[in-house]
Amino acid sequence: MASIKRSLKKLGKNTQAVALRTTDKHLRLAVTGLAGAGKTAFITGLVNQLLHSGVAEGNTQLPLWRVARDSRLYGVKRDLQPDLTIPSFNYEAAVHAITNEPSSWPQSTRNISELRLAIRYRPAKGLLSKLTESATLYLDIVDYPGEWLLDLPMLKQSFQQWSESQLERISIFKRSSYFSDFIDELNSIELTAVANEAKLQKITDSYQRLLLDCVEEHGFYYAQPGRLLLPGELDGTPVLALFPLINVSAEQFSILEKTESTSFYHTLKRRYGEYVSRVVKPFYHDYFAKFDRQLVLVDCFTPLNRGKEQFDDMKSALQAVMESFQFGQSSLLKRLFSPKIDKLLFAASKIDHVTRDQQGNVLSLLSQLVQQSQQHAKFEGCEVETMAISAIKSTTHGMVKQNGRDVEVVKGIDLDNREVVTLFPGEVPKSLPVADFWQQQGFDFVSFAPRNLTEKQGNKADFEHIRLDHVLQYLVGDKLK
């Protein structure tokens, strides 16, 4: 009897989900970006604006969002999320971090999380406007670590192909002081010998230190497997005892294929297959295959600060990740059985960190940076847009006199030393940087702390933003007519 009740309860939930999909009153939005792009801050700022918008709130901070501008938005509230096995996005903790003294940005994404918002509005067009005074759009926002995104290209690679792709990164690996330790450990094993778990783990630990150093100390992005950077619930499991054979030639791979199944080589090959099938594929199918709309946040400034190799690495990582997404025009049947992303937004984040006269340059740079991904998505029938945004503005803009002329500046709190600074960060290139830029560039991106704000009742804070209303209109506006 208990099992029958559980089955009926599950059927009821599935029926409700199907009903929402077929009536086109449900959207799944993925917030994507490489590590450091500002995904958590974006979701926090977006949710804060939504929860305090509507007719009753008298919200005027979203003028480009038509449903709010036309006074058809009754309000937005948190609703019970559909998947009880996924952690909830900790919105309250994020707001507290931003509004606390001293203020700080929320902790970076370390696992998958989601939240559901119910957007209640008055329909203005179509049959629905004639039948009812109010309707509700359910918006699911899904967040996940940027590090895990980096594994998606592995879906198309064999163990040998993956190892060869990592060999191509050897010039980057050599930048780390941990590279020689990893190579020494790698050369110390006889790949034809019977595998030893302790030895596999020891070499994995060495490779993990190398990856973390390349990312955290040298500013690179494209590190695989991404779960070695952020293991999550897989920390310490054998499936993560994995590393590439960058000391093996194509001819040697052919020879190693003929060794015993218990050898180090075949054990590593199986581990790679298990990692792809049991970690990467479920992550892809359980989440990416169900998205309707995609927001890709891009931090253009940090790699500009770091240098040419890091900037190029960020560009390569973005392109490789975007090749794994399913784009195409959506329909009711497709939304039920084969959902595809029908709207894609690339957004340059932290636009408040540069002066207003440089924002156009940032947008131009972003467009060229993601041009290949844009063309691929458009070819598949997906609508694509680029914007320059700031979900939570942390600076103020002003003018100062320098050598008798007015110079535009930004003012904010330096995140590192907590001092108030006023500066002109420099000119952002309008196009992908050429050699001269890297030799002469005077760009100095500063990480700013959130502005001093007072936490208010109900976690309402006076967050300012740049173009969040434009983001909302593009991503959900067509569902709120």
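**Close-up views of a predicted model**

View 1. Cys 382 is buried, at 4% relative accessible area; here buried means under 20%, exposed over 50% and partly exposed in between, with a 1.4 Å probe and protein chains only. Cys 300 is buried too, at 1% relative accessibility. How many disulfides does the count come to? The count is zero, where a disulfide is a pair of cysteine sulfur atoms within 2.5 Å. As a reminder, a disulfide is a covalent bond between the sulfur atoms of two cysteines. Please keep in mind that this is a predicted model, in which local features need pLDDT of at least 70, side-chain atom pairs count only at pLDDT 80 or more, and totals for chains, interfaces and linings use all residues. Residues are numbered from 1 along each chain as its sequence is written, and side-chain values use heavy atoms, with hydrogens and water left out.

View 2. Follow H13 along residues 264-287: its 24 residues reach 33 Å from first C-alpha to last, close to the expected 34 Å. Helices are DSSP runs (H or I, at least four residues), numbered from the N terminus, and the expected span is 1.5 Å times one less than the number of residues. Where does the kink in H13 lie? Look at Lys 281, shortly before the proline Pro 282, for a kink of about 35 degrees; the bend is the angle between axes fitted to the seven residues ending at a residue and the seven starting there.

View 3. The model has 13 aromatic pairs, counting rings of Phe, Tyr and Trp (its six-membered ring) with centres within 6.5 Å; planes under 30 degrees apart are stacked, over 60 edge-to-face and the rest tilted. Phe 253 and Tyr 265 are an edge-to-face pair, because their planes stand at 65 degrees, with ring centres 6.1 Å apart. Phe 253 sits in helix H12 (residues 250-256) and Tyr 265 in H13, so the pair ties together parts twelve residues apart in sequence. Phe 253 is buried at 1%, and Tyr 265 is buried at 1%.

**View 4. Gln 208 and its surroundings.** Gln 208 is found in helix H10 (residues 197-216) and is partly exposed, at 22% relative accessibility. Leaving aside neighbours within four places in sequence, Gln 208 contacts Leu 228 and Pro 231 (heavy atoms within 4.5 Å). Its side chain reaches the backbone oxygen of Leu 228 at 2.8 Å.

Conventions. Helix = DSSP H or I, 4+ residues; strand = E, 2+ residues; numbered from the N terminus. Polar contact = N/O pair within 3.5 Å; in protein donor to acceptor, adjacent residues only side chain to side chain.
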